[in-house]
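Here's a quick briefing to read alongside the coordinates.

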Amino acid sequence: MNNPQLNAKGELQHLLSIEGLPREILTQILDTAESFADVTEREVKKVPLLRGKSVFNLFFEPSTRTRTTFEIAAKRLSADVINLNIAISSQTKGESLLDTVANLSAMQADIFVVRHNSSGAPFLIARHVKPHEHVINAGDGRHAHPTQGLLDLFTIRHYKKDFSRLTVAIVGDILHSRVARSLIHGLTTLGAPEVRVIGPQTLLPTGVEALGVRVFHDMREGLRGADAVVMLRLQNERMGGALLPSAQEFNKHYGLTADKLALAKPDAIVMHPGPMNRGVEIDSSVADGPHSVILPQVTFGIAVRMAVMSIVAGN
Amino acid sequence: MTRLPDAEKLCQQLAAELKPRLGPKSAMVGLYTGGAWLAERLHQLLDMKSPLGLMDIAFYRDDYAARGLKHDPKRTKIPFDVNGAELLLVDDVLYSGRTVRAAMNELFDYGRPASISLVVLADRGGRQLPICPQYCGAELEVPAGMRLRLKRDEAGKLELAMEKQGE
């Protein structure tokens, strides 16, 4: 099978999507990230691995957390980081995506970190870059957000050690969520026996069962016995048309409250990819409560991005 | 094939040599994988007070550009303050000296040790960097294309082995 993410030796050349990555590569990324997590705890939080390499952050869509954590990760690997805010650059003057990339490539890029509102944009770029250049998808449209999916997997493995007996519930706006898709593929590849998606019919993609998940419309039922609860953000900016009556109505049925969380396992962890809408998909008492691992997720995100960059740049 | 010395005996010999040199600031760091086994053994034989440090130099290698990142980097754990410590850096076999160079760079990212001494079970020559061991179990001649490495069996017994490169 021709996988655009892998080189001829089957090694990771670009990270475009978790879908289609073999279990060994997912495990390699998670194991490597564990070693990098230690680096971020010591006096000099830097290793010389990517010294002399240039990482271009190409963000065609606004993002603070993802862009910043990629920047920190690249700097901790000793790479030079160039941030391009495309909204105020050449694209507004009419330059095509591939021309932008060709120009940056002429400036000796090694890694492109790409976020784009069109699904598939990072794939297009990956097909046109030189063999020594690598593309990392930092979120494309509704399609995929593989480093977020990987950091969610890392977080679950960190707290639960092993996927083989886990029930993971993903709650909310699955339809517009690239995070959910990436995470579902990762969980099923790593052998989690039960992945549930919980949400109203209007916010679930048609045929979502085909991804190997169980669908619930009743949140209480879906949370029962869960080991990990992943809340998704209600993506107002991606919603065209009336998919929901109101945020209050959503909160009533699908917001995570302490009493709904009590139905999950007593040691369940609560995750959220951020940014959170407090009082909509998650209550403050849960977001700041003892089950929440939302802030550790951010810290782990740096180690995971260090792992991905150092693996692709070495292949 | 030349007979290789008994790794267990070399280990005892190194411990005896190190014993009178240990001070209150002494601490030990072993390099994965063989050096970590040797360090675990020496640390125990010497009954050292400070906990043992273990290091994987994968993120400091000088051949990353050519070979990429290896698949299973172990976690470096230095559970003591490196600042001011008199470090014993332990590896199984000393060859080009590049691993030791990488290890010293990594150690300095943890702090500024008072000193670093190199302890190896075997020195096979062939240095490419100005590095020499302070404590060495044995000097061995190894034919080109062959690799000398430490093995550990299920019972924990250490043994030197010679094999073709790449095996």
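Tyr159(A) makes contact with Ile269(A) and Val293(A), leaving aside residues up to four places away in sequence. Keep in mind that this is a predicted model. The rest of the tour is below.

**Around Tyr159(A)**
- Tyr159(A) sits in helix α5 of chain A, which covers residues 146–160.
- Leu84(A) is 75 residues away from Tyr159(A) along the chain, and their C-alpha atoms are 35 Å apart.

**Where chain A meets chain B**
- Chain A puts 16 residues into the contact, and chain B puts in 14 residues.
- On the chain A side, the elements giving two or more residues are α1 (23–39) and α11 (294–314).
- The largest share of that side comes from α1(A), with 6 residues.
- Sorted by class, the chain A side has 5 nonpolar, 6 polar and 5 charged residues.

**Chain B as a whole**
- Chain B has 4 helices and 7 strands, and along the sequence they run α-β-α-β-α-β-α-β-β-β-β.
- Its radius of gyration is 15 Å, close to the 15 Å the globule rule gives for 167 residues, so chain B is as compact as a globular protein of that length.
- Along the principal axes, the C-alpha atoms of chain B fill a box of roughly 45 × 40 × 35 Å.
- Of the 167 residues in chain B, 37% are buried.
- Among chain B contacts with a separation of 6 or more, 68% link residues 24 or more positions apart.

Note on methods
Residues are numbered from 1 along each chain as its sequence is written. Chains are lettered from A and ligands numbered from 1 in the order in which they are written. This is a predicted model: local features need pLDDT of at least 70, side-chain atom pairs count only at pLDDT 80 or more; totals for chains, interfaces and linings use all residues. Two residues are in contact if their C-beta atoms, placed from the backbone, lie within 7 Å. Ala, Val, Leu, Ile, Met, Phe, Trp, Tyr, Cys and Pro count as nonpolar, Asp, Glu, Lys and Arg as charged, and the others, Gly among them, as polar. The radius of gyration is taken over C-alpha atoms; the globule rule is 2.2 Å times the number of residues to the power 0.38. A residue is buried if 20 or more other C-beta atoms lie within 10 Å of its own, exposed if 12 or fewer, and partly exposed in between; C-beta atoms are placed from the backbone.
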